[in-house]
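Keep the structure open and follow along.

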Amino acid sequence: LNTTRNTSPGFHGVYIAQGGSFDTLSSYLSGQYVAGKTTVSASGEGFVTDRYLDPPATTNYTNHASSTAFNGSIEHDFNDTNRLRVSLLNQQTWLQVPDDLLQEQAGQRQDRTSGATEGQVSYQHVFSPTLLGSIRGSIRDVSASLCSNPLSTPVSASQDRGYREGYWDASMAGSAVRNEWKAGTQGRYASVNERFGYDIVADSIDGVPIFDGDLPPSFRFRG
């Protein structure tokens with residue numbers, strides 16, 4: 001059972017802002033509106049910083065990042081025994097990959113992104129004080145990518161990864177005397193797709209090899 005919502009009628013909201021070193025800023029805003037047997041909730045947050053990952057150099061080259069997140073939901077009680085809930089979640093992150101002095105002087109720029117979107121629908125029915133039924137379904141999509149500019153060294157790499165999942169379940173739960181029981185069924189479908197490749201731009205620094213001799217100078221994968 002989802003019992004975390006505020007049942008007081010009207011609008012309720014929260015706003016939080018934070019700041020710190022390395023030009024780090026973040027904010028969070030949420031609101032909830034309750035009218036009768038319907039509750040609408042939404043929240044959003046944003047984040048930006050100039051130090052997201054541990055850099056290979058104390059000078060902290062190209063270490064900027066930002067992220068956003070949004071979450072919304074609608075709940076409706078048809079009566080005392082039936083509840084419907086629909087929710088949506090979206091999260092996105094973008095960041096620069098930190099580099100060292102040689103890469104910075106060469107003009108390297110690598111960016112990574114990742115994101116996730118999920119939708120969910122659930123329905124609950126109370127058959128009796130000791131018997132509860134529920135049905136739930138969700139769809140989730142996750143992605144990640146890496147791109148390099150033409151000046152990246154010693155490796156120019158790229159990646160595009162995606163994961164998609166669909167899920168559903170139905171169950172009955174009850175209690176009798178001193179025993180509790182639950183029975184149900186569930187299903188899941190998932191698929192993974194990935195594209196990855198690299199090109200070795202420089203195989204040595206000041207004449208010193210930096211890769212194994214049997215490493216292919218280029219590589220491509222998709223599947």
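Asp199 has a relative accessible area of 26%, so this residue is partly exposed; buried means under 20% relative accessible area, exposed means over 50%, and partly exposed lies in between, using a 1.4 Å probe and protein chains only. Its partner in a salt bridge is Arg220, and the closest N and O atoms are 2.8 Å apart. A salt bridge here is a side-chain nitrogen of Lys or Arg within 4 Å of a carboxyl oxygen of Asp or Glu. Arg220 sits in strand S12 (residues 218–222) and Asp199 in strand S9, so that distant parts of the chain, 21 residues apart, are linked. Strands (E, at least two residues) are DSSP runs numbered from the N terminus. Arg220 counts as exposed because its relative accessibility is 56%.

Before going further, please note that this is a predicted model, in which local features need pLDDT of at least 70 and side-chain atom pairs count only at pLDDT 80 or more, while totals for chains, interfaces and linings use all residues. Residues are numbered from 1 along each chain as its sequence is written, and side-chain values use heavy atoms, with hydrogens and water left out.

Now stay with strand S9 and look at Arg188. Which residue does Arg188 form a salt bridge with? The partner is Glu165, with the closest N and O atoms 2.7 Å apart. Arg188 lies in strand S9 (residues 179–200) and Glu165 in strand S8, so this pair ties together parts that are 23 residues apart in sequence.

Asp169 is buried because its relative accessibility is 11%, and Arg136, at 29%, is partly exposed.

Elsewhere, Glu75, Asp77, Arg83 and Arg85 are joined in a network of salt bridges. The count comes to 10 salt bridges.

Phe11, Tyr33, Val40, Ile74, Val86 and Val121 make a nonpolar patch of about 560 Å². Patches are made of residues with over 30% relative accessible area and no salt bridge, with like charges joined within 9 Å and nonpolar side chains (Val, Leu, Ile, Met, Phe, Trp, Tyr) within 5 Å; accessible areas come from the Shrake-Rupley method with a 1.4 Å probe, and for residues only the protein chains shown count as cover. Phe11 belongs to strand S1 (residues 10–20) and counts as exposed because its relative accessibility is 61%.

How values were computed
Helices (H or I, at least four residues) and strands (E, at least two) are DSSP runs, numbered from the N terminus.
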